[in-house]
Amino acid sequence: MIEKELKFDVLASDGQARNGQLTLARGTIHTPAFMPVGTYGAVKTLATSDLKKLGAEIILGNTFHLLLRPGSKIIRSQGGLHKFMNWDRPILTDSGGFQVWSLKDSCKVSEQGVKFRAPTDGHLIMLTPELSMETQNALGSDIQMIFDECTKYPANEIETRESMELSLRWSKRSRDKFDELDNIGRTLFGIVQGGMNSELRAESLDGLNDIGFAGLALGGLSVGESLLERLNVLDKIVPLMPANKPRYIMGVGLPSDILDAVERGIDMFDCVIPTRHARNAYLFTNKGVLKLRNARFRDDDQPIQADCDCYTCQNYSRAYLRHLDSIGEMLGARLNTIHNLHFYFTFMESIRSAIANGSLSTFSRDFRSQQT
């Protein structure tokens, strides 16, 4: 079954780029959209009230990590992840496949699922498509992802095919379990795998279309491949994806990477980069990344970006922010995160406006030309 709880409308297009609206029971997401990553049910250093002020319409949580801590039973007993973390807007949960990939040297993949020892306390876990869906159901996330195997990189054609076909079988099991559970008001996305092989990607997409999903994601990217390899995958697979469904690329990325994908028809993005960079004093600006730890900012009384209207830039200087970072003050990471997410949300809003105005190519050229 394909859920009726999701509605996706393409409002405007410019080349392959789409300006759309994704409507869920808990709210509307304007696309192209960026989702801040709240792995453990929190976007690091920020409260949910901060996220709302910044303009976040949806955030991402992680099934793997929340299964380990605090555990799905606790979150269900607290009324689900939304109530647990005081967030009443949509949440997307990753299924755990990527995190399993990150443990590839210490886990065993079989037809049943993936057996590994929890990095928290070493106890043995068998993570299956069914357990992933049961966990996401307990969390109560609005968009849930099928459990897949993230194909290793590099991989030969035989390895890539075996991984892709396993993910397809797990996709069907995920679909069946999702449909068995009480998921009223929620939706399920499939994940296209196939590594860097365009033909295998197309086979994966065909299989997912046969199973039936309300949205489709591209997985197995941002795993070490070159930019040219990633763009080749997008160039070949995105035109084959249904035009009436949202398209999500997982784990991407930098502003330039987002632009590349938007120009090829991608609608949804998530990445830890803006928040992780903030905690390491890497700040995004229209002229590129400002590395705050550089000594030349020690007595700089300017804001991070002169024309930025975020709370941080309106109230604090580079010198002060550098001082906070140098002494390990938590306020520094918080203020930096506010700025970086404001930059990302403003960036996405500018992209949507450019698509609506038919000027995305001009916006893209001007943005890239200013980056140093």
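The model is predicted. Strand β12 pairs in parallel with β11 and with β13. A separate topic is an open antiparallel sheet of three strands, β1-β2-β3.

- Strand β12 spans residues 215-218, and its residues are all buried.
- G215 and A217 point one way from β12, while L216 and L218 point the other way.
- In a regular strand, side chains alternate between the two faces of the sheet.
- Four bridges link β12 to β11 (residues 187-192), in the parallel sense.
- F189 has G215 of β12 as its bridge partner.
- Between β11 and β12 the chain passes through helix α8 (residues 198-211), and this β-α-β crossover is right-handed.
- Strand β13 (residues 247-249) runs parallel to β12, joined to it by three bridges.
- L218 has I249 of β13 as its bridge partner.
- From β12 the chain reaches β13 through helix α9 (residues 227-237), and this β-α-β crossover is also right-handed.

**Helices α7 and α8**

- Two packed helices are described by the angle and the distance between their axes.
- The axes of α7 (residues 157-180) and α8 come within 10 Å and cross at roughly 10°.
- Angles under 35 degrees count as roughly parallel, so α7 is roughly parallel to α8.
- On the α7 side, the contact residues are E157, T160, R161, M164, L168, S171, K172 and R175.
- On the α8 side, they are L200, E203, S204, G207, L208 and I211.
- By class, this contact has five nonpolar, four polar and five charged residues.

- Strands β1 (7-14) and β3 (27-31) are the edge strands, and each pairs on one side only.
- Neighbouring strands of this sheet are turned by 15° against each other on average, direction ignored.
- Strand β2 (residues 17-24) pairs with β3 over five bridges, in the antiparallel sense.
- G20 has T31 of β3 as its bridge partner.

**H277 in helix α11**

- H277 lies in helix α11, which covers residues 273-279.
- Its relative accessibility is 22%, so H277 counts as partly exposed.
- The cut-off for buried is under 20%.
- Not counting residues up to four places away in sequence, H277 touches V272, Y282, F284 and N340.
- V289 is twelve residues from H277 along the chain, and their C-alpha atoms are separated by 9.5 Å.

Note on methods: Residues are numbered from 1 along each chain as its sequence is written. This is a predicted model: local features need pLDDT of at least 70, side-chain atom pairs count only at pLDDT 80 or more; totals for chains, interfaces and linings use all residues. Side-chain values use heavy atoms; hydrogens and water are left out. Buried means under 20% relative accessible area, exposed over 50%, partly exposed in between (1.4 Å probe, protein chains only). Helices (H or I, at least four residues) and strands (E, at least two) are DSSP runs, numbered from the N terminus. Two strands pair if DSSP finds at least two bridges between them. A crossover is right-handed if, with the strands pointing away from the viewer, the path from the first strand over the helix to the second runs clockwise. Axes are lines fitted to C-alpha atoms, for helices over the stretch in contact, and angles run from 0 to 180 degrees between N-to-C directions. Angles under 35 degrees count as roughly parallel, over 145 as roughly antiparallel, 65 to 115 as roughly perpendicular and the rest as oblique. Contact means heavy atoms within 4.5 Å. Ala, Val, Leu, Ile, Met, Phe, Trp, Tyr, Cys and Pro count as nonpolar, Asp, Glu, Lys and Arg as charged, and the others, Gly among them, as polar.
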